[in-house]
Amino acid sequence: MKLPDFDKHNGQSAKRRAQDSDRKREDRKKSASEADEKRTREEKRREEEIQEEPNGSSRLAAPSDIPACPQDEIIGLYHEHLPELAQVKLKTESRSKAMRGFWRWVLTSKKSDGQKRANDSDQALSWIRDYFGRVRGNAFLMGQQSSGRHANWRADFDFLLTERGRKHVIEKTEVSA
């Protein structure tokens, strides 16, 4: 009995290829798990915003310092002020995470004059109400002024929660009186 290419499939080179393949597979698993660990640490670091103390020193904001995010109220404000835009029908984990991040940002960030946007839940909800009101006053975000690559585009809830959306609303809209 004769087996064609026996050495190719069962010789030293085949053994070396199999070992190399196993080693590379393990390296990829290790790299992926290290990347997941690193990403998790970076996400946690990003979530910790520096807050100033009355004496001028700073400390990291503990999650307990931030009131719970009223997700249903935020969605309600969006629907109330922007009924023409796509409605929120699903509350996915990624959307919930984005709302919590937006909520934390409202409560920890400062305006250009150095004042906090909000100090408590009521102020944060009021700021978010005004934020959605500013969106209404922006023709581009409302899909009324789109052309070229932005034809038929209009903002949606998810976009408005992103850093890019916040920059657009805050920097490119007028505060309504």
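Reply: Before the first question, one cut-off is needed: angles of 65 to 115 degrees between axes count as roughly perpendicular. Please keep in mind throughout that this is a predicted model.

Me: How are α3 and α4 oriented to each other, parallel or perpendicular?
Reply: The axes of these two helices come within 10 Å of each other and cross at roughly 90 degrees. Since that angle lies in the range of 65 to 115 degrees, α3 and α4 are therefore roughly perpendicular.

Me: Which residues make the contact of α3 with α4, and how do they divide by class?
Reply: On the side of α3 the contact is made by Q71, I74 and I75, and on the side of α4 by S96, M99, R100 and W103. Sorted by class, the residues of this contact divide into 4 nonpolar, 2 polar and 1 charged.

Me: Why do the buried residues of α3 lie on the same side of the helix?
Reply: Helix α3 spans residues 71–81, and its buried residues are Q71, I74, I75, L77, Y78 and H81. They lie on the same side of α3 because the arc that they cover around the axis is only 155 degrees. As background, an α-helix has 3.6 residues a turn, so residues three or four places apart point the same way.

Me: Which residues are exposed on the other side of α3, and what covers the buried ones?
Reply: On the other side of α3, the exposed residues are D72 and E80. The cover over the buried residues of α3 includes α4 (93–108), α5 (121–136) and α6 (157–161).

Me: Which residues does I74 touch, not counting residues up to four places away in sequence?
Reply: With residues up to four places away in sequence not counted, I74 touches C69, M99, W103, L125, I128, F132 and F157.

Me: At what angle do α5 and α7 pack, and which residues meet there?
Reply: The axes of α5 and helix α7 (residues 163–171) are 9 Å apart, and the helices pack at an angle of about 75 degrees. That angle makes α5 roughly perpendicular to α7. By class, their contact has 5 nonpolar, 1 polar and 2 charged residues. The residues that meet are W127, Y131, R134 and V135 in α5 and G165, R166, V169 and I170 in α7.

Me: How far apart are the C-alpha atoms of T108 and A118?
Reply: T108 has its place in helix α4 and is buried, with a relative accessible area of 9%. A118 is 10 residues from T108 along the chain, and the separation of their C-alpha atoms is 7.6 Å.

Conventions:
Residues are numbered from 1 along each chain as its sequence is written. This is a predicted model: local features need pLDDT of at least 70, side-chain atom pairs count only at pLDDT 80 or more; totals for chains, interfaces and linings use all residues. Side-chain values use heavy atoms; hydrogens and water are left out. Buried means under 20% relative accessible area, exposed over 50%, partly exposed in between (1.4 Å probe, protein chains only). Helices (H or I, at least four residues) and strands (E, at least two) are DSSP runs, numbered from the N terminus. The arc is that of the directions from the helix axis to the C-beta atoms. Contact means heavy atoms within 4.5 Å. Axes are lines fitted to C-alpha atoms, for helices over the stretch in contact, and angles run from 0 to 180 degrees between N-to-C directions. Angles under 35 degrees count as roughly parallel, over 145 as roughly antiparallel, 65 to 115 as roughly perpendicular and the rest as oblique. Ala, Val, Leu, Ile, Met, Phe, Trp, Tyr, Cys and Pro count as nonpolar, Asp, Glu, Lys and Arg as charged, and the others, Gly among them, as polar.
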